[in-house]
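Q: I am new to this structure and would like to be taken through some of its local features. Could we go through them one at a time?

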Amino acid sequence: PSVPRHANRLVNEKSPYLLQHAHNPVDWYPWGQEAFDKAKKENKLIFLSVGYSTCHWCHVMEEESFKNKEIGEIMNKNYVCIKVDREERPDVDKVYMTFVQATSGGGGWPMSVWLTPDLKPFAGGTYFPPEDGVHRVGFRTVLLRIAEQWKENKDALLENSQKILEALLHVSEVRVQGQESPPPSKEVMATCFQQLSNSYDEDYGGFSKSPKFPTPVNLNFLFTYWALHRTTPEGAQALQMALHTLKMMAHGGIHDHIGQGFHRYSTDQHWHVPHFEKMLYDQGQLAAAYSRAFQISGDRFFADVVQDILLYVSRDLSDQAGGFYSAEDADSYPTAASGEKREGAFCVWAAEEIRALLPDPVEGATEGTTLGDIFMHHYGVKETGNVSPMQDPHQELKGKNVLIVRYSPELTAARFGLEPGRLGALLQEGRQRLSAARAQRPRPHLDTKMLAAWNGLMISGFAQAGVALGEQEYVSRAARAAAFLRRHLFDPASGRLLRSCYRGEDDSVEQSAVPIQGFLEDYVFVIQALFDLYEASLEQGWLEWALQLQHMQDKLFWDPKGFAYFSSGADDPSLLLRLKNDQDGAEPAANSVTVTNLLRAACYSGHTEWVEKAGQILTAFSERLQKIPIALPEMARATAVFHHTLKQVVICGDPKGEDTKEMLRCVHSVFSPNKVLMLADGDSAGFLYRQLPFLASLERKDGKATAYLCSNFACSLPVTSPQELRGMLCP
């Protein structure tokens, strides 16, 4: 391609999303002092555009508006224009999204916000078409109108922005409201279960009609609810809801049957036609959820899905240095010769393509049956395409098929007169050939930035899978990624985490000129990952680092007045609000996960003030937990862990001994939401023995590996048989 004529300041950034806009005619600045100073000096408004690199409508707005020379000139003349990657700066995104949601009733990306020179928002929205339409005012018109207002009514505008800020401060505050104790766990759990079962889709699983999201936070809540109510009809129902949802998702088009992994969400009720981007945080949380499903049910189906997700991440989202990339885009070029990208092009199939790839007659099947016939029947492929026009407003998928498992193996086998045992191998052969054909297509854009928080979620996925499936290689992969975090996303001098690093030109790992400091979610998800990794590997170094990070998190983010943690630190003057996220969404809220982290940290250290902090967080969110716990299922789950107190499962033994390994396998095979595992290896100089003096009093009985179940540092009688231990773990 010819050299782009124009480059703006984004050309010096590392974020793939910012680099996508480096050659727009818009004079973009990154978020930072240079842009703020220019706005103040020239007394200009700021136009802030926030998105991320795998966001479909962000691409559309760029094509229509930000690449348009004339619109670029209007923007440059009247505004200082700032571009933000929300994945790099979730703090900036959250402040202005709170404003957009409060003033327009909706939110999303791309987010477009107009700010005064001192960064206060006064107008905003999401996607704007370039020109006026019947129902929507166009971007050009809005730019000109707002510039006009600033000329004519500057004072009114400034005054208004101050009022808006005060109102936002008021509505977004989460703090203790005179009440001193956490909400009653039993009621919170019961209400949350009720609200989830009311919104549950009996037929297809999931918790909405459409669009349908893979909400791991809901599934984890249901698993915990089941574990605490195993013998009741509600408990059985909770487990059924979670397992059915996971089964339907795995059969659906949201699951990539050819390239593995899961797409972002389904546009329909049946998990069929997805938005095709793949996010690291979904793979990490779903690997953990499917691992739990396998642990609880023993059904190999779930273990196969775990292996499928981890194969995708290891192959397509892994950096050679050990970190994990953020995402793969939905849009790509259908062929190398195509001029424009289409959503899903990499993943969808025309019927004749599949026929041509799978022409082989199948022996032992009904006369004339080809491999293509069997494959197309099983995966719901239609000659004219299987995507309804309702799911495809831009006609990008016309005549194409999104694969979805339509029949059980038994039914498909019976339909073609096959032995049921033979079907698996035939379908696998079909998938492999389609996979080879797909490898010839142009790949979608890969966002190679590596985020501490999302790497944390993925480490947890690998560690929990390693434990549940008994696969040591998954635990090793988790440890490699944790070592990567320590090397590239941690500053040993300050003891602080960094938010992001990037893949450089020659595949080296790079950092921005001014590294972005870690946010609350980076600490919380990394600490959770380190606890999960300790339980999977029993390497005490991970524990030690987790506890150091927990102290640092307390120092940087704790709100001593209103309780709970702020999402961002106090040291950034450009942030107008310090917020506390109060929604468990695609990712759980950091305060929700940190409750369980604090309880685990207390078990490994004996620091009871961490238990107190956990209770204070639940108290701060008490009103929301009692009224709409469905908005905070992960925190609702944590109320139960807090209420039932964590049980310390201590195995005294030689980590290399077969008897110790057998005891550990027993602990790992049981799903128990309120257990914390530790190995007392007899090394009294080691980290755990220094933290927990009571360990010194526990000994091996008759020289055999011995388990103790301890609560608040008081222990049960010793047991040496895995069967007895299992009985204690599943009362």
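A: Thr-267 is placed in the loop that runs between β6 (265-266) and β7 (274-275). Please keep in mind that this is a predicted model.

Q: Which residues does Thr-267 touch, not counting residues up to four places away in sequence?

A: Thr-267 touches Ser-210, Pro-211, Val-273, Pro-274, His-275 and Gln-391.

Q: How many residues apart along the chain are Thr-267 and Gln-391, and what separates their C-alpha atoms?

A: Thr-267 and Gln-391 are 124 residues apart along the chain, and their C-alpha atoms are separated by 6.5 Å.

Q: Ser-210 and Pro-211 were on that contact list. Is the peptide bond between them cis or trans?

A: The bond from Ser-210 to Pro-211 is cis, with omega near -5°. Pro-211 belongs to the loop between α8 (185-199) and α9 (216-228).

Q: What about the peptide bond from Trp-109 to Pro-110, cis or trans?

A: The peptide bond from Trp-109 to Pro-110 is cis, and its omega is near 5°. Pro-110 is located in the loop between α5 (90-104) and β4 (111-115).

Q: Back to the loop between β6 and β7: what is the phi of Trp-271 there?

A: Trp-271 is found in that loop between β6 and β7. Its phi is near 60°, a positive value in a residue other than glycine.

Q: Is Trp-271 buried or exposed?

A: Trp-271 counts as buried because its relative accessibility is 0%.

Q: And Asp-702, is its phi positive or negative?

A: Asp-702 has a positive phi of about 50°, although it is not a glycine. This residue lies in the loop between α26 (687-691) and β20 (706-711).

Q: Why does Asp-702 count as exposed?

A: The relative accessibility of Asp-702 is 67%, so it counts as exposed; the cut-off for that word is over 50%.

Q: Changing topic to aromatic rings: how many aromatic pairs does the structure hold?

A: The structure holds 31 aromatic pairs. In one of them, Trp-28 and Phe-47 have ring centres 6.3 Å apart and planes at 35°, so the pair is tilted.

Q: Where in the chain do Trp-28 and Phe-47 lie?

A: Trp-28 is in strand β1 (residues 28-30) and Phe-47 is in strand β2 (residues 45-51). They are 19 residues apart, and the pair links distant parts of the chain.

Q: Are those two buried or exposed?

A: Trp-28 counts as buried because its relative accessibility is 0%. Phe-47 is buried too, with a relative accessible area of 0%.

Q: Why is the pair of Phe-375 and Tyr-379 called tilted?

A: The ring planes of Phe-375 and Tyr-379 stand at 45°, so the pair is tilted, and the ring centres are 4.7 Å apart. Phe-375 is buried, with a relative accessible area of 0%, and Tyr-379 is buried with 3%.

Q: Which residues form one aromatic cluster with Trp-28?

A: That aromatic cluster is formed by Trp-28, Phe-47, Phe-66, Trp-114, Phe-128 and Phe-139.

Q: What sits over the ring of Trp-226, and what lies over the face of Trp-558?

A: The charged end of Arg-230 sits over the ring of Trp-226, 4.5 Å from the ring's centre. Over the face of Trp-558 lies Lys-613, at 4.8 Å from the ring centre.

Q: Now the helices: at what angle do α14 and α16 pack?

A: Helix α14 (residues 371-378) and helix α16 (residues 420-438) pack at about 95°, with axes 10 Å apart. That angle makes α14 roughly perpendicular to α16.

Q: Which residues of α14 meet α16?

A: On the α14 side they are Leu-371, Ile-374, Phe-375 and His-378. Their partners in α16 include Leu-423, Leu-426, Glu-429 and Arg-433. The residues of this contact divide into seven nonpolar, two polar and three charged.

Q: What is Ala-590 in contact with, leaving aside neighbours within four places in sequence?

A: Ala-590 is in contact with Leu-520, Glu-521 and Val-524. The C-alpha atoms of Ala-590 and Cys-192 are separated by 19 Å, and these residues are 398 apart along the chain.

How values were computed. Residues numbered from 1 in each chain as written. Predicted model: local features only at pLDDT ≥ 70, side-chain atom pairs only at ≥ 80, totals over all residues. Heavy atoms only, no water. Phe/Tyr/Trp six-rings, centres within 6.5 Å; stacked < 30°, edge-to-face > 60°. Helix = DSSP H or I, 4+ residues; strand = E, 2+ residues; numbered from the N terminus. Buried < 20%, exposed > 50% of the residue type's maximum accessible area, 1.4 Å probe, protein only. Lys NZ or Arg CZ within 6 Å of the ring centre and 35° of its normal. Axes fitted to C-alpha atoms, helices over the stretch in contact; angles between N-to-C directions. Parallel < 35°, antiparallel > 145°, perpendicular 65-115°, else oblique. Contact = heavy atoms within 4.5 Å. Nonpolar A, V, L, I, M, F, W, Y, C, P; charged D, E, K, R; others polar.
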